[in-house]
Amino acid sequence: MSDDKRAARVAIIDNSIDPGVYRPVEHWSRHLTVPWDAFVARDGPFPDPAAYSHFILTGSEASILEPDPWVDVEAGIVREAVAAGAAVLGSCWGHQLLAFALAGESHVRRCDRPEIGWVPIRVDKESELLGPAGTPYTFSVHYDEVRDLPAPFEILASTDACPVQAFRLGGQPVWGLQCHPEVDIPTGLRFLHDLVDCGFKGRDFLLEALRQPPRDSGLILRIVRAVLAAGRCRMG
């Protein structure tokens, strides 16, 4: 392994609310091949933006439209990390937080219809993050979405229900994904059942998703490789 690869270190910012239902650090860390640390956003403290080469912003059961006080703190950390040249990947709520922090709160809104289950997303052109053009399947649970991103944001993927499924911030190593590529089929099935059992909002949509045949195209491997290959590396 090269010196640069050894110097890479990932900060996973865990935005979950109930670890009994949703454990994103467990889901993401199993795919990482470099050292990582986890930070629970609702508890603090947050990572030092200068101390990490890569950041993963996880999903959350919370709504970006009803932000707790720690959301503004995390948004500030994100802006500092991006300015320092770190590679930043936001998934689901983390994707929405990136838009909130870098474009403004007017660029997130409630979905017309929640998108839950195994969703085929349209990748209109090849990218390092999502691979060749096509319609890969991946797991999704979201009630809010990103909208109307200005330049220099570039849309990488969409669905009819959600026009901004994935974006990149110009030529920078900053990406947002509305989906949960880190959630495999067994984890997704368990997650949906747990959300139903705990009385989470949108019960009918959750049950509808459980009636779908689960399909996962395995985007997570390509996504993690692309993110780890990008961004600044600090020599130890």
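Tutor: Let us begin with burial. A residue is called buried when its relative accessible area is under 20%, exposed when that area is over 50%, and partly exposed in between, computed with a 1.4 Å probe on protein chains only. The model here is a predicted one, in which local features need pLDDT of at least 70, side-chain atom pairs count only at pLDDT 80 or more, and totals for chains, interfaces and linings use all residues. Residues are numbered from 1 along each chain as its sequence is written, and side-chain values use heavy atoms, with hydrogens and water left out.

Student: Is tyrosine 22 buried or exposed?

Tutor: Tyrosine 22 has a relative accessibility of 2% and therefore counts as buried. Phenylalanine 191, at 9%, is buried as well. By contrast, arginine 211 has a relative accessible area of 64% and is exposed.

Student: How should I read a pair of aromatic rings?

Tutor: Such a pair is described by the distance of the centres and the angle of the planes. Rings of Phe, Tyr and Trp (its six-membered ring) pair if their centres lie within 6.5 Å; planes under 30 degrees apart count as stacked, over 60 as edge-to-face and the rest as tilted. The structure holds 8 aromatic pairs. In one of them, tyrosine 22 and phenylalanine 191 are stacked, at 5.3 Å centre to centre with 25 degrees between the planes. Tyrosine 22 lies in the loop between strand E1 (10-14) and helix H2 (24-29), and phenylalanine 191 in helix H5 (residues 185-197), so this pair ties together parts that are 169 residues apart in sequence. Ring pairs also link Tyr22, Trp118, Phe139 and Phe191 into a cluster.

Student: Which charged side chains lie over the face of a ring?

Tutor: A charge sits over a ring if NZ of Lys or CZ of Arg is within 6 Å of the ring centre and within 35 degrees of the ring normal. Lysine 201 lies over the face of tyrosine 143, at 4.7 Å from the ring centre. Arginine 215 is placed over the face of tyrosine 137, at 3.9 Å from the ring centre.

Student: How many disulfides are there?

Tutor: A disulfide is a covalent bond between the sulfur atoms of two cysteines. The rule applied is a pair of cysteine sulfur atoms within 2.5 Å, and the count comes to 0. The sulfur of cysteine 111 is 6.1 Å from the closest cysteine sulfur, in cysteine 162, which is too far for a bond. Cysteine 111 is buried, at 10% relative accessibility. For cysteine 198, the closest cysteine sulfur, in cysteine 92, is 15 Å away, again too far for a bond. Cysteine 198 is partly exposed, with a relative accessible area of 46%.

Student: What separates a cavity from a pocket?

Tutor: On a 1 Å grid over the protein atoms alone, a cavity is a set of points where a 1.4 Å probe fits but cannot get out, and a pocket is an open set with protein on both sides within 12 Å along at least five of seven lines; lining residues have an atom within 4 Å of a point. Grid points are joined across faces, edges and corners, and a volume is the space filled by probe spheres set on the points. The search finds 3 cavities of 30 Å³ or more, and the largest cavity has a volume of about 190 Å³. The largest cavity is lined by 19 residues, of which Ser60, Glu61, Ala62, Val141 and Tyr143 lie nearest its centre. The largest pocket has a volume of about 180 Å³.

Key
Helices (H or I, at least four residues) and strands (E, at least two) are DSSP runs, numbered from the N terminus.
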